[in-house]
Amino acid sequence: MKSNLAYSRDILAMEDKDLEVFVHRWVARQVKKYPDHHLFGNANDLGRDAVGFLSLNRHDAAWDNFQCKMLSKTVDDGAVYEEIGKILFHASEGEFTPPHRFFFVAPKGFNRKAEKLLYSPAFFKQQILQEWDKRCARRIRTGPPIPLSDKLRGVIETYPFEHIFGIDLPKILTMDDIKLVLADAFGDDPGDAPSGVVPADVSNTEGYVQQLIEIYSNDEGSSFADAAEVLRHAKHGPNLTMQRRRYFDADAFRRYFRDNLDPEHVEKFSDEILSGVFDVHASTSGVSRLSDVMKQAGTLPISGIFGRHNRATTQVKQGTCHHLANDGVLPWNK
């Protein structure tokens, strides 16, 4: 992977919208924390950019807001007052519940006055109440100023300002799982997927095994009762064992990168395998088909993020053919 210095340059070169998409990618990968998420970030976002919902009740329950700021300079105290004032005003209007946590994501950091607000929550709350007319009333929307009504005051007074955080570039680079998001965003090396673990018993999800049993049976001229009988066979047993290793290596690869990268990368990889072995599959049959397709798959060049960094092993390419057989796209027995 690139060094943090190289990633720092990439992040600092982002446009405002790029930063929102980048942060949303990170939020989307926090599946244990956020069962749902959404990228607002438009003219009518009411102060929301990337949002992670802490439950499927979404805005009716707890949610976290990631307000992204890619400015030509550090974020100043005026922007901090404005964004917090905006989100709490719209919450007071019933648009949504106040966010559980509010994150300012600003790679270029914050000026001294903004830092004082972020690191002194009691002072920040006191100041926004005292200086509402000066700091917020005319900056939240066009039209008449927004007065500090009793309802709005109540929302501000009860809001936990200690749940407001600033995230600058050094913090971005230490966020959980950020390296995979960086690799995804900037096309860098995503690292190795874990190896597959082959269970002792063949499960019903291994549909390709039933297809292989059929072609092994045809090759022998007599039917195998099940996978266990094939595995005991001197000729076909080792072959089936190897096919299952390939299948589960490919399975671990698909699961790992679908969870950590844009799923488009895995889909493109599978399409390349399909295209690369299609003609061999179509022109052969039986055990010879299995052997020829495996040979072809193992030598296929791969493009994209996996090819650039040589992250798709021979076993993964071959095992992907069994997933395609499972899906009925490249059946072994037809």
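**A salt bridge and the domain boundary**

Tutor: Glu83 and Lys69 join through their side chains in a salt bridge, at 2.7 Å from N to O. The model is predicted. Glu83 sits in helix H3, residues 77-92. Lys69 lies in the loop between strand S3 (63-68) and H3. The two residues are 14 apart, and the pair links distant parts of the chain. Side chains of opposite charge can pair when their charged atoms come close. The count of salt bridges comes to 13.

Now the division of the chain. Domain 1 spans 5-186, and domain 2 spans 207-327. Their C-alpha centres are 46 Å apart. Between domain 1 and domain 2, the salt-bridge count is 0. Polar contact between the two domains comes to 1 residue pair, with both residues at pLDDT 80 or more.

Next, the contact itself. Here 4 residues of domain 1 meet 7 residues of domain 2. The size of an interface is often given as the accessible area lost when the parts come together. For domain 1 and domain 2, the buried area is about 520 Å². Carbon and sulfur atoms supply 49% of that area. On the domain 1 side, Arg29, Leu180 and Asp184 lose the most area to domain 2. Together these three make up 82% of what that side buries.

An unreviewed UniProt entry annotates residues 207-332 as "domain: ABC-three component systems C-terminal". This span is 76% helix and 0% strand. Its end C-alpha atoms lie 10 Å apart.

Terms used. Residues numbered from 1 in each chain as written. Predicted model: local features only at pLDDT ≥ 70, side-chain atom pairs only at ≥ 80, totals over all residues. Heavy atoms only, no water. Domains from an automatic or database assignment. Contact = heavy atoms within 4.5 Å. Buried area = accessible area lost by both parts, 1.4 Å probe. Salt bridge = Lys/Arg side-chain N within 4 Å of Asp/Glu carboxyl O. Polar contact = N/O pair within 3.5 Å; in protein donor to acceptor, adjacent residues only side chain to side chain. UniProt positions renumbered as here; feature names shortened; annotations may be inferred. Helix = DSSP H or I, 4+ residues; strand = E, 2+ residues; numbered from the N terminus.
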